[in-house]
Amino acid sequence: KRVVAFNASVRVEVDADGKPMKVEAPADLPDAIRGYIEQRVASWQYQPAKVDGVPQDAVTYVSVNACAVPVDQGFRLGLDFDGNGVRVAGGAWLRPPEYPMAAIHGGTEASFDLVVDVQSDGRATLGKIDKAEVAGRSGAKEFEPLLRRWVKTLRFDPELVAGHPVNGQVRIPVDFILRDLGDRKALL
């Protein structure tokens with residue numbers, strides 16, 4: 001047995017007092033793990049969403065970091081809050097952007113911290129690049145247009161306030177790292 005660490009996006013319906021009414025962990029998790037996550041997330045208190053200062057029922061997506069540590073009779077689970085807000089549509093994994101060919105040929109690596117604006121219909125645009133670190137010169141100018149195009153392909157599940165989808169924001173770190181010749185890709 002070994003330690004297993006993973007992230008999960010949990011759908012949480014919250015009442016106007018900030019109390020969870022319904023909690024849904026990903027259905028593809030084993031029943032015992034899903035039940036544990038749902039029970040823990042349901043025990044947390046949330047800030048209620050407000051419209052014109054009036055608290056409202058809402059739906060948010062809570063990101064959790066989980067860890068299963070082996071013990072004699074199975075595993076001991078741990079769970080930590082990692083934020084809440086919009087989530088990738090359906091709770092799927094984000095597929096990283098393609099590495100620009102000119103940057104690969106030039107040996108250029110880069111790290112970005114993107115602030116992505118999410119519309120109430122789930123479409124996304126690049127709001128801003130909060131941090132950009134580029135090591136190398138050749139192909140460096142190709143990263144920003146590539147990231148803008150990539151973000152436009154992303155779809156998200158927006159939060160709901162009083163039953164209506166609302167605009168949101170999410171931060172996405174993206175690293176372009178050159179490894180050996182067979183493994184050049186962007187990492188999220």
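Modeller: Strand E1 gives the most to the lining of the largest pocket, with 6 residues. Please bear in mind that this is a predicted model.

Colleague: What is the general idea behind finding such a space, and which elements line the largest pocket?

Modeller: Rolling a probe the size of a water molecule over the atoms shows where empty space is left. Here, the largest pocket holds about 990 Å³ of space. Two or more lining residues come from each of strands E1 (4-14), E5 (58-71), E6 (74-85), E7 (87-88) and E13.

Colleague: Which residues lie nearest the centre of the largest pocket, and how does its lining divide by class?

Modeller: Of the 32 lining residues, Ser-9, Ser-63, Val-88, Ala-92 and Trp-93 lie nearest the centre. The lining comprises 18 nonpolar, 8 polar and 6 charged residues.

Colleague: What is the volume of the second largest pocket, and which residues are closest to its centre?

Modeller: Its volume is about 290 Å³. The second largest pocket is lined by 21 residues, with Gln-47, Ala-49, Thr-60, Asn-84 and Glu-159 closest to its centre. At least two lining residues are supplied by each of E5, E6, strand E11 (160-161) and E13. By class, the lining of this second pocket has 12 nonpolar, 8 polar and 1 charged.

Colleague: Let us turn to the charged side chains. How many salt bridges are found in the whole structure?

Modeller: Side chains of opposite charge can pair when their charged atoms come close. A search of the whole structure finds 9 salt bridges. In one of them, the side chains of Asp-113 and Arg-171 meet at 3.3 Å, N to O. Asp-113 belongs to strand E8 (residues 109-118) and Arg-171 to strand E13 (residues 168-177), so this pair ties together parts 58 residues apart in sequence.

Colleague: Which other salt bridge does Arg-171 form?

Modeller: Arg-171 also meets Asp-130 in a salt bridge, at 2.5 Å, N to O. Because Asp-130 lies in strand E9 (residues 124-135) and Arg-171 in strand E13, the pair ties together parts 41 residues apart in sequence. Asp-113, Lys-128, Asp-130 and Arg-171 are linked in a network of salt bridges.

Colleague: How accessible are Asp-113, Asp-130 and Arg-171?

Modeller: Asp-113 is partly exposed, at 21% relative accessible area. Asp-130 is partly exposed at 37%, and Arg-171 is partly exposed at 49%.

Colleague: Where do Arg-148 and Glu-144 lie?

Modeller: Both lie in helix H3 (residues 143-153), 4 residues apart, about one turn of the helix.

Key
Residues numbered from 1 in each chain as written. Predicted model: local features only at pLDDT ≥ 70, side-chain atom pairs only at ≥ 80, totals over all residues. Heavy atoms only, no water. Salt bridge = Lys/Arg side-chain N within 4 Å of Asp/Glu carboxyl O. Buried < 20%, exposed > 50% of the residue type's maximum accessible area, 1.4 Å probe, protein only. 1 Å grid on protein atoms, 1.4 Å probe; cavity = no way out; pocket = protein on both sides within 12 Å on 5 of 7 lines; lining within 4 Å. Points joined across faces, edges and corners; volume = space filled by probe spheres on them. Nonpolar A, V, L, I, M, F, W, Y, C, P; charged D, E, K, R; others polar.
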